[in-house]
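Let's take a walk through a protein model together. Have a look at the sequence and the 3D view, and then we will stop at a few places.

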Amino acid sequence: LVVAVVVFAMGGCGTTRSVPAASPAGKSAGSTEVALARLSRRPEWLFPFAQCPADAFPGVETPLSYRRGECADNIAPCLDRCQSADGTACYVAALRLQILNAPSDFSEALFLKACSLGIASGCTNRAAGILASEADNTVPWPCVNRTFEAMCQKDDPWACTMWGSSLLHGRGMAPDVARARQVLPRGCRISEDDPACQVARKLLAEAASTSI
């Protein structure tokens, strides 16, 4: 469910933008438009969203569980549940807004809200979104790396892949190839077919050819 940016755009994590499908006719289309207008007013319960994800995370993880296609035709119910402190609903709404090519700050704010409600992948996605939005020389690496490391400790696969990449390539720190080799296999926690695992495997091959 989560995809990130390593050195190249890998999709998801608040970074991939898909071509939006045509809006469905009728009530659901109108409801989605109303939801987008609601977000454009930058409600106080969601904006601003400047906090570092590692600091927003409450420390106790909330399980992420949702049905595929949930809120696909109407984002409004997910926004309502998100406002009522449902972290999964925040996360689902963020993913849906990415598919719709909505302004990126909508999904980024929702990922951070999900993070603040205990959704580890929301924190990972928000950290990846920070990477995607910053020039190389302005990335707040202490925040980004703290987030990836903390969410990797929560067994979020993409967080481990991203944290391993930072360790391997020395992003915001001195390179630590040995530690990268320990962290990157955790990107394969779900399955070998998981995109996080595929990227982790490529990074592990790079690490294997790098002298310590």
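In which loop is Cys-71 found? Keep in mind as you look that this is a predicted model. Cys-71 sits in the loop between α2 and α3, the latter covering residues 76-83. Its backbone deserves a glance: phi of Cys-71 is near 60°, a positive value in a residue that is not glycine. Cys-71 is also buried, because its relative accessible area is 13% and buried means under 20%.

Asp-155 is partly exposed, with a relative accessible area of 35%.

Another loop, the one between α1 (27-40) and α2 (53-56), holds Pro-48. The peptide bond that joins Phe-47 and Pro-48 is cis, with omega about -5°.

Let's finish with a pair of helices. The axes of α4 (residues 87-99) and α5 (residues 104-116) come within 8 Å and cross at roughly 160°. Angles over 145 degrees count as roughly antiparallel, so α4 is roughly antiparallel to α5. Their crossing is left-handed. Which residues make the contact? From α4 come Gly-87, Cys-90, Tyr-91, Ala-93, Ala-94, Leu-95, Leu-97 and Gln-98, while α5 brings Phe-106, Ser-107, Leu-110, Phe-111, Lys-113 and Ala-114.

Key: Residues are numbered from 1 along each chain as its sequence is written. This is a predicted model: local features need pLDDT of at least 70, side-chain atom pairs count only at pLDDT 80 or more; totals for chains, interfaces and linings use all residues. Side-chain values use heavy atoms; hydrogens and water are left out. Axes are lines fitted to C-alpha atoms, for helices over the stretch in contact, and angles run from 0 to 180 degrees between N-to-C directions. Helices (H or I, at least four residues) and strands (E, at least two) are DSSP runs, numbered from the N terminus. Angles under 35 degrees count as roughly parallel, over 145 as roughly antiparallel, 65 to 115 as roughly perpendicular and the rest as oblique. A crossing is left-handed if the near helix is turned anticlockwise from the far one by less than a right angle, and right-handed if clockwise. Contact means heavy atoms within 4.5 Å. Buried means under 20% relative accessible area, exposed over 50%, partly exposed in between (1.4 Å probe, protein chains only).
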